[in-house]
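Hello,

Here is the structure I promised to pass on to you. Have a look at it first, and then read on for what was found in it.

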Amino acid sequence: MTNLLQPNGEDNHFQQIRMGIKACVGMIPLLGVAWLFGLLSPVHKAFAYIFTIRNSSQGFLIFTLHCMQNTQIRERFTRKMNIVFRSSIKNNYTRKSSQAQ
(Lines give C-alpha, C1' and ligand atoms only; values in the text may rest on other atoms or scores of the structure.)
Protein backbone atom coordinates (compact mmCIF):
# COMPACT_ATOMS: atom_id res chain seq x y z
CA MET A 1 0.00 0.00 0.00
CA THR A 2 2.78 2.44 0.82
CA ASN A 3 4.51 1.93 -2.53
CA LEU A 4 1.47 2.99 -4.57
CA LEU A 5 2.42 6.66 -4.45
CA GLN A 6 4.99 8.08 -6.84
CA PRO A 7 7.95 9.87 -5.22
CA ASN A 8 7.55 13.64 -5.38
CA GLY A 9 9.45 15.10 -2.41
CA GLU A 10 8.98 15.51 1.33
CA ASP A 11 5.19 15.29 1.19
CA ASN A 12 5.46 11.78 -0.28
CA HIS A 13 7.09 10.39 2.88
CA PHE A 14 4.24 11.75 5.02
CA GLN A 15 1.66 10.27 2.63
CA GLN A 16 3.39 6.87 2.71
CA ILE A 17 3.30 6.85 6.51
CA ARG A 18 -0.36 7.86 6.48
CA MET A 19 -1.23 5.12 3.96
CA GLY A 20 0.64 2.54 6.09
CA ILE A 21 -1.24 3.56 9.21
CA LYS A 22 -4.54 3.42 7.31
CA ALA A 23 -3.72 -0.10 6.08
CA CYS A 24 -2.82 -1.23 9.61
CA VAL A 25 -5.98 0.24 11.08
CA GLY A 26 -8.01 -1.68 8.52
CA MET A 27 -6.12 -4.96 8.81
CA ILE A 28 -5.68 -5.30 12.59
CA PRO A 29 -9.41 -5.63 13.37
CA LEU A 30 -9.92 -7.86 10.36
CA LEU A 31 -7.20 -10.29 11.37
CA GLY A 32 -7.21 -9.74 15.12
CA VAL A 33 -10.88 -10.40 15.78
CA ALA A 34 -10.66 -13.78 14.05
CA TRP A 35 -7.71 -14.85 16.20
CA LEU A 36 -9.46 -13.61 19.32
CA PHE A 37 -12.13 -16.20 18.61
CA GLY A 38 -9.37 -18.72 17.92
CA LEU A 39 -7.90 -18.16 21.36
CA LEU A 40 -11.35 -18.49 22.92
CA SER A 41 -12.15 -21.72 21.04
CA PRO A 42 -11.14 -24.03 23.95
CA VAL A 43 -13.74 -22.26 26.11
CA HIS A 44 -16.76 -23.11 23.95
CA LYS A 45 -17.40 -24.95 20.70
CA ALA A 46 -19.20 -21.94 19.17
CA PHE A 47 -15.97 -19.92 19.23
CA ALA A 48 -14.30 -22.57 17.07
CA TYR A 49 -17.06 -22.26 14.47
CA ILE A 50 -16.87 -18.46 14.51
CA PHE A 51 -13.08 -18.66 14.18
CA THR A 52 -13.39 -20.95 11.15
CA ILE A 53 -15.98 -18.76 9.45
CA ARG A 54 -13.97 -15.57 10.06
CA ASN A 55 -10.75 -17.10 8.76
CA SER A 56 -12.40 -18.50 5.65
CA SER A 57 -13.97 -15.14 4.80
CA GLN A 58 -10.80 -13.07 5.28
CA GLY A 59 -9.76 -13.24 1.61
CA PHE A 60 -13.07 -11.80 0.49
CA LEU A 61 -12.96 -9.11 3.18
CA ILE A 62 -9.41 -8.08 2.23
CA PHE A 63 -10.48 -7.90 -1.42
CA THR A 64 -13.49 -5.80 -0.52
CA LEU A 65 -11.71 -3.43 1.86
CA HIS A 66 -8.54 -2.85 -0.13
CA CYS A 67 -9.37 -3.46 -3.78
CA MET A 68 -12.92 -2.21 -4.09
CA GLN A 69 -12.21 0.96 -2.10
CA ASN A 70 -9.38 1.89 -4.47
CA THR A 71 -10.82 4.26 -7.08
CA GLN A 72 -8.44 3.21 -9.85
CA ILE A 73 -9.35 -0.45 -9.48
CA ARG A 74 -13.08 0.38 -9.40
CA GLU A 75 -12.77 2.44 -12.59
CA ARG A 76 -10.93 -0.35 -14.40
CA PHE A 77 -13.41 -2.95 -13.16
CA THR A 78 -16.36 -0.82 -14.29
CA ARG A 79 -14.76 -0.26 -17.68
CA LYS A 80 -14.14 -4.00 -18.09
CA MET A 81 -17.70 -4.89 -17.06
CA ASN A 82 -19.11 -2.37 -19.55
CA ILE A 83 -17.06 -3.95 -22.32
CA VAL A 84 -18.08 -7.50 -21.36
CA PHE A 85 -21.79 -6.76 -20.94
CA ARG A 86 -21.96 -4.50 -23.98
CA SER A 87 -20.52 -7.28 -26.16
CA SER A 88 -22.85 -9.90 -24.65
CA ILE A 89 -25.90 -7.66 -25.20
CA LYS A 90 -24.79 -7.03 -28.77
CA ASN A 91 -24.32 -10.80 -29.36
CA ASN A 92 -27.76 -11.59 -27.92
CA TYR A 93 -29.37 -8.91 -30.09
CA THR A 94 -27.74 -10.23 -33.28
CA ARG A 95 -28.75 -13.82 -32.40
CA LYS A 96 -32.39 -12.81 -31.79
CA SER A 97 -32.57 -10.78 -35.00
CA SER A 98 -31.04 -13.61 -37.06
CA GLN A 99 -33.43 -16.17 -35.50
CA ALA A 100 -36.44 -13.96 -36.28
CA GLN A 101 -35.65 -13.95 -40.01
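Let's begin with one residue. Phenylalanine 51 has a relative accessible area of 18%, and the cut-off for buried is under 20%, so phenylalanine 51 counts as buried. Please keep in mind that this is a predicted model.

Buried residues make up 8% of the 101 residues in the protein. The protein exposes about 8500 Å², and 65% of that comes from carbon and sulfur atoms.

Now for the overall layout. The secondary structure consists of four helices and zero strands, so, as you follow the chain from the N terminus, the elements read α-α-α-α. Among contacts between residues at least 6 apart in sequence, 30% join residues at least 24 apart.

Next, the rings. The structure has two aromatic pairs. In one of them, the ring centres of tryptophan 35 and phenylalanine 51 are 4.9 Å apart, and the ring planes stand at 65 degrees. The cut-off for edge-to-face is over 60 degrees, which is why this pair is called edge-to-face.

Where do the two partners of this pair lie? Tryptophan 35 belongs to helix 1 (residues 10-40), while phenylalanine 51 belongs to helix 2 (residues 45-56). The pair therefore ties together parts that are 16 residues apart in sequence.

And is tryptophan 35 buried or exposed? Its relative accessible area is 51%, and exposed means over 50%, so tryptophan 35 is exposed.

Key. Residues numbered from 1 in each chain as written. Predicted model: local features only at pLDDT ≥ 70, side-chain atom pairs only at ≥ 80, totals over all residues. Heavy atoms only, no water. Phe/Tyr/Trp six-rings, centres within 6.5 Å; stacked < 30°, edge-to-face > 60°. Helix = DSSP H or I, 4+ residues; strand = E, 2+ residues; numbered from the N terminus. Buried < 20%, exposed > 50% of the residue type's maximum accessible area, 1.4 Å probe, protein only. Contact = heavy atoms within 4.5 Å. Areas by Shrake-Rupley, 256 points an atom, 1.4 Å probe, with all protein chains shown as cover.
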